[in-house]
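The following exercises concern one protein chain and are to be worked with its sequence and structure in view. Each task is followed by a stepwise solution.

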Amino acid sequence: MRSKIAIIITLGFLLSSYFSLSQSKFLINNEPFEFPGKWETKGLIKKSGQYHLYNKKEKLNLLVSVRNSSNFEFYNDTLNSNQLLEKWYQWETNYWKSGQEVEIKELKHNIASNYIVWRLTLKNVSDYDGELVSTILYFTRNRKLIGISLNDSSKKNQMTDNELLVFLEQLYKP
């Protein structure tokens with residue numbers, strides 16, 4: 001009798017887990033994305049391929065950018081994917097360092113899989129109380145530069161650095 005109850009409870013748990021694991025699918029500049037959970041579009045700039053997505057339940061903001069690499073000043077058609085990623089990361093971090101009070105920290109640089117996870121902390125942001133922190137995943141796919149920036153606006157249950165890293169790495173699909 002106990003084993004039947006245990007099996008029923010286990011099956012109930014598995015079924016409820018299965019149905020609660022939803023996926024949100026988006027096509028951004030002809031690149032497909034799947035994000036775990038329910039995400040809604042809060043805003044977009046189609047020309048530059050930047051989408052602002054929000055997960056109400058988890059209180060998470062994602063900024064997803066998909067841009068053609070050939071539109072950037074550092075682009076050179078002889079660059080391989082790793083070199084292109086490196087040039088983009090250097091170009092972006094140099095931009096933020098110039099004239100702004102920021103902190104940039106590289107969290108993971110996976111050369112073999114061709115992605116970089118880094119953190120951008122903007123200090124003394126007007127119209128914002130305190131620092132504005134974004135944890136960002138950069139990678140290339142189909143010669144496009146893809147950036148996914150995560151802002152955890154949950155005050156009570158903010159994600160740890162490791163949780164942020166794991167979350168962003170799960171979004172990475174070459």
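**Exercise 1. The largest pocket**

How many nonpolar, polar and charged residues does the lining of the largest pocket have?

*Solution.* The model is a predicted one, in which local features need pLDDT of at least 70 and side-chain atom pairs count only at pLDDT 80 or more, while totals for chains, interfaces and linings use all residues. Residues are numbered from 1 along each chain as its sequence is written, and side-chain values use heavy atoms, with hydrogens and water left out.

Step 1. A pocket is an open set of points on a 1 Å grid over the protein atoms alone, where a 1.4 Å probe fits, with protein on both sides within 12 Å along at least five of seven lines; lining residues have an atom within 4 Å of a point.

Step 2. The lining of the largest pocket comprises 25 residues, and L63, E92, W96, I136 and S149 lie nearest the centre.

Step 3. By class, 15 of the lining residues are nonpolar, eight polar and two charged. Here Ala, Val, Leu, Ile, Met, Phe, Trp, Tyr, Cys and Pro count as nonpolar, Asp, Glu, Lys and Arg as charged, and the others, Gly among them, as polar.

Step 4. Elements that each supply at least two lining residues include α2, β7 and β8.

**Exercise 2. Strand β7**

*Solution.* Step 1. Helices (H or I, at least four residues) and strands (E, at least two) are DSSP runs, numbered from the N terminus; two strands pair if DSSP finds at least two bridges between them.

Step 1. β7 is antiparallel to β6 (residues 102–110), with eight bridges, and V117 is the bridge partner of K108. In the hairpin of these strands, four residues lie between them, and N114 has a positive phi near 65°.

Step 2. β7 is also joined to β8 (residues 132–141) by eight bridges, again antiparallel; T121 has V133 as its bridge partner in β8.

Step 3. Eight of the eight residues of β7 (residues 115–122) are buried, meaning under 20% relative accessible area with a 1.4 Å probe, protein chains only. Y115, V117, R119 and T121 point one way, whereas I116, W118, L120 and L122 point the other way.

**Exercise 3. Confidence**

In which helix is confidence lowest, and in which is it highest?

*Solution.* Step 1. pLDDT is the predictor's confidence in each residue, from 0 to 100; the chain has a mean of 83.

Step 1. Confidence is lowest in helix α1 (residues 2–20), at a mean of 42, and highest in helix α2 (residues 81–97), at 95.

Notes
Buried means under 20% relative accessible area, exposed over 50%, partly exposed in between (1.4 Å probe, protein chains only).
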